[in-house]
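Colleague: I have the sequence and the model open. Can you walk me through them?

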Amino acid sequence: MSEIAYVNGRYVLTSDAMVNIEDRGYQFSDGVYEVIAVANHSLVDLDPHLERLDRSLSNLNIEWPCSERVLRIILAQLLKRNRLKDGIVYLQVTRGVAPRNHAFPTAIIPSSLVISVSRAGRPSRDKFIEGVKVVTTPENRWGRPDIKSVSLLPNVLAKQFAVHNGAFETWFVDDHGAVTEGSSTNAWIVLSGQEIVTRPLGNDILAGITRMKLIELARAGNMRITERPFSLDEAMNAEEAFITSTTAFVMPVVEIDENVVGTGKPGPVTQNLLALYEDHFSQGDEK
Ligand code: PDD
């Protein structure tokens with residue numbers, strides 16, 4: 001069954017949806033995106049996703065394709081038209097359509113808005129029960145991974161490196177030997193004394209919405225979170241490790257570059273955080 005997508009003002013069958021070949025997103029990756037989860041007919045954490053979209057757009061001087069109020073209406077319409085109960089929404093805004101030229105178009109053109117939905121489920125239960133493997137690669141992305149740009153080639157290659165090595169994710173490691181983040185997830189470790197460590201926000205990582213929510217939930221539950229860079233060495237010797245994202249939730253990591261983490265099984269802190277997050281997730285927040 002083909003889903004319904006939204007493309008520049010029209011609701012169309014995803015199989016029939018088309019974009020102009022001179023869209024700057026297609027030619028230059030000149031655009032940004034968001035991936036928002038849907039749980040029980042509700043968009044999860046829509047407000048922070050729209051705030052991050054606004055930051056990405058303004059960092060690149062791309063105009064909003066419509067007002068935020070209208071965007072919320074379109075999203076609600078799309079969920080309704082697709083009768084989407086659980087899944088994800090992919091939203092992409094590009095600088096628009098113009099004759100190919102690296103510099104921004106001089107004429108005022110509307111930015112392009114494309115939104116599609118997917119019913120793809122979350123990772124299988126056994127991954128949460130058994131945990132997953134992570135491999136590593138030197139950080140090789142541009143200096144602004146905090147902007148959620150559709151220019152994802154290094155991330156694509158890093159994820160393929162994971163697949164090639166039988167792993168779930170690849171962590172990027174910076175020049176100081178510290179882990180920045182995964183190809184599509186934020187990275188975390190748990191040290192003795194149940195201290196939960198994740199890299200602080202900056203230009204070098206994406207401000208994950210799952211990361212932000214988990215910090216809120218963990219602090220509300222009196223758990224100890226430290227936002228500081230951690231080295232690959234520390235991660236390998238940590239008691240627990242995990243990754244977070246809209247699609248991976250709180251996924252336990254039990255092996256890093258073939259080194260077993262902790263007991264080799266998902267640890268109690270990670271399991272506790274997963275339960276906290278699942279509880280938050282299932283409530284959704286927008287009707
Ligand atoms: N990826 N870091 C990177 C590089 C990401 O691409 C993502 C999200 C995250 C986690 O962000 P969030 O918690 O807001 O999902 C961190 C999305 C899911 C994707 O590209 O499919």
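Modeller: Let's start with the domains. The C-alpha centres of domain 1 and domain 2 lie 27 Å apart. Domain 1 covers 4-118 and domain 2 covers 125-282, with bounds taken from an automatic or database domain assignment. This is a predicted model, where local features need pLDDT of at least 70, side-chain atom pairs count only at pLDDT 80 or more, and totals for chains, interfaces and linings use all residues. Residues are numbered from 1 along each chain as its sequence is written, and side-chain values use heavy atoms, with hydrogens and water left out.

Colleague: How many residues does the contact take from domain 1 and from domain 2?

Modeller: Domain 1 gives 21 residues and domain 2 gives 19. Contact here means heavy atoms within 4.5 Å.

Colleague: And what area is buried between domain 1 and domain 2?

Modeller: About 1700 Å², with 65% of it from carbon and sulfur atoms. Buried area is the accessible area (1.4 Å probe) that two parts lose on being put together, summed over both. On the domain 1 side, Y33, D45 and R52 lose the most area to domain 2. Together they make up 34% of what that side buries.

Colleague: Which elements give two or more residues to the domain 1 side?

Modeller: β3 (31-39), α2 (46-59) and β5 (87-94). The largest share, eight residues, comes from β3. Helices (H or I, at least four residues) and strands (E, at least two) are DSSP runs, numbered from the N terminus.

Colleague: What classes of residue does that side have?

Modeller: Eleven nonpolar, six polar and four charged. Ala, Val, Leu, Ile, Met, Phe, Trp, Tyr, Cys and Pro count as nonpolar, Asp, Glu, Lys and Arg as charged, and the others, Gly among them, as polar.

Colleague: Back to salt bridges. How many does the structure hold?

Modeller: It holds 19. One of them pairs R24 with D30, the closest N and O atoms being 2.8 Å apart. D30 also meets R95 in a salt bridge, at 2.6 Å from N to O.

Colleague: Why does the R95 and D30 pair tie together parts of the chain that are apart in sequence?

Modeller: Because R95 lies in the loop between β5 and β6 (112-118), while D30 lies in the loop between α1 (24-28) and β3, 65 residues apart in sequence. Salt bridges that share partners join R24, D30 and R95 into one network.

Colleague: Are R24 and D30 buried or exposed?

Modeller: R24 is buried at 3% relative accessible area, and D30 is buried at 10%. Buried means under 20% relative accessible area, exposed over 50%, partly exposed in between (1.4 Å probe, protein chains only). R95 is buried as well.

Colleague: New topic. Which residue forms a salt bridge with D174?

Modeller: R199, with the closest N and O atoms 3.2 Å apart. D174 sits in the loop between β8 (169-173) and β9 (179-182), and R199 in the loop between β11 (195-198) and α6 (209-220), 25 residues away. D174 and R199 are both buried.

Colleague: Now T136. Where does it lie?

Modeller: In strand β7 (residues 132-138). T136 counts as buried because its relative accessibility is 16%. Its side chain joins that of D257 in a polar contact of 2.5 Å. Beyond neighbours within four places in sequence, T136 contacts F161, T170, W171, V173, L232, I256 and D257.

Colleague: What about D257 itself, where is its place?

Modeller: In the loop between β14 and β15 (259-260). D257 counts as partly exposed, at 26% relative accessibility. Its phi is near 45 degrees, a positive value in a residue other than glycine.

Colleague: And what is phi of F249 near?

Modeller: It is near 55 degrees, also positive in a residue other than glycine. F249 lies in strand β14 (residues 249-256) and is buried, with a relative accessible area of 3%.

Note on methods
Polar contact = N/O pair within 3.5 Å; in protein donor to acceptor, adjacent residues only side chain to side chain. Salt bridge = Lys/Arg side-chain N within 4 Å of Asp/Glu carboxyl O.
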